Amino acid sequence: MLFSLLLALCFYTNSNAVTKVACIGASITYGAMVENREQNSFPAQLQRYLGSSYAVENYGVSGCTLLRNGDSPYYKTNEYQKALKRNPDIVVIDLGGNDSKLINRSRLNEYEQDYHAMIKSFKDLPSHPRIILLLPVVSFVADTAGIWDPVIVKQIIPKIMNVANENKVEVLDMHVLLIDKPELMPDKIHPNAEASRIMAKRIFRKIKFNK
């Protein structure tokens, strides 16, 4: 009788387990420039798409780089440590836009090794999470010293593709998603609430249906 009760309890617990999703990134993940970001950032909207069987956490920190020697490294943030301690089941990483700034370009030869290190830090967790790398969102900025789209396209994206292939993790092209929708990026860098919804829906399809 006791064994049956324990078995039933285990089945109930497993069947009601919540899948933990950690969204790693900079200002776009955080929801900078998004009105009511707590409800309209792409992680918040992803939560609504996925429903109550998932718990999506936003670990975005504005201005951060993937580069460990960048001007504002993500790996030095408290949010990074919180994400690791969360022991997530799925990790969505959106880092690379800030690495394209002029101040960081001289370090881009370190980008791949730093990305390998970040992926390993999550792969080594007890949860052995599914990892999805996002290609950076398009930038419409005209200032060549800022988040410069030609650098994203010619340098950052190829490096992310190399890292994804070598680590056998998934990659999702977010760059093409808003490339014909500059009106949804009022400051030419950050998606608004509608653009964040488009991002969230695309990530939802990847997570739920792997397409």
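S27 is a buried residue, with a relative accessible area of 12%, where buried means under 20%, exposed over 50% and partly exposed anything in between (1.4 Å probe, protein chains only). The model you are looking at is predicted, so local features need pLDDT of at least 70 and side-chain atom pairs count only at pLDDT 80 or more, while totals for chains, interfaces and linings use all residues. Residues are numbered from 1 along each chain as its sequence is written, and side-chain values use heavy atoms, with hydrogens and water left out.

**S27 and its surroundings**

- S27 sits in helix α2 (residues 27–30); helices (H or I, at least four residues) and strands (E, at least two) are DSSP runs, numbered from the N terminus.
- Setting aside neighbours within four places in sequence, S27 is in contact with A32, V61, S62, G63 and H190, contact being heavy atoms within 4.5 Å.
- From C-alpha to C-alpha, S27 and C64 are 7.7 Å apart in space, though 37 residues separate them in sequence.

**The cysteines**

- How many disulfides does a search of the whole structure find? It turns up 0, counting as a disulfide a pair of cysteine sulfur atoms within 2.5 Å.
- C23 is in no disulfide, and the nearest cysteine sulfur, that of C64, is 15 Å away.

**Helix α4 against helix α9**

- In general, two packed helices are described by the angle between their axes and the distance between the axes.
- Helix α4 (residues 42–50) packs on helix α9 (residues 193–209) at an angle of about 50°, and their axes are 8 Å apart. Axes are lines fitted to C-alpha atoms, for helices over the stretch in contact, and angles run from 0 to 180 degrees between N-to-C directions.
- That makes α4 and α9 oblique to each other: angles under 35 degrees count as roughly parallel, over 145 as roughly antiparallel, 65 to 115 as roughly perpendicular, and the rest as oblique.
- The crossing of α4 past α9 is right-handed, the term for a near helix turned clockwise from the far one by less than a right angle, with anticlockwise being left-handed.
- On the α4 side, the contact is made by F42, Q45, L46, Y49 and L50. The α9 residues taking part include A193, M199, I203, F204 and I207.
- By class, this contact of α4 with α9 has 10 nonpolar, 2 polar and 3 charged residues. Ala, Val, Leu, Ile, Met, Phe, Trp, Tyr, Cys and Pro count as nonpolar, Asp, Glu, Lys and Arg as charged, and the others, Gly among them, as polar.
- Buried residues in α4 include F42, P43, A44, Q45, L46 and L50. Just after α4, G51 takes a positive phi of about 90°.

**Helix α7 and its partners**

- The axes of α7 (111–123) and helix α8 (residues 149–167) come within 10 Å and cross at roughly 40°, so α7 and α8 are oblique to each other.
- This crossing of α7 past α8 is right-handed.
- Among the residues that meet here are Y111, Y115 and I119 in α7, and I156, I160 and V163 in α8.
- The contact of α7 with α8 divides into 6 nonpolar, 3 polar and 4 charged residues.
- Helix α5 (residues 78–86) packs against α7 at about 35°, with axes 9 Å apart. Y80, A83 and L84 of α5 make the contact with M118, S121 and F122 of α7.

**L133 in strand β4**

- L133 is found in strand β4 and counts as buried at 0% relative accessibility.
- Its C-alpha atom is 4.6 Å from that of V171, a residue 38 places away along the chain.
- Not counting residues up to four places away in sequence, L133 touches I93, Y115, I119 and I160, among others.

**Positive phi in loops**

- Most residues other than glycine have a negative phi, and most peptide bonds are trans.
- H128, not a glycine, has a positive phi of about 45°. H128 lies in the loop between α7 and β4 (130–135) and is exposed, at 58% relative accessible area.
- K188, also not a glycine, has a positive phi of about 75°. K188 belongs to the loop between β5 (170–173) and α9 and is partly exposed, at 43%.
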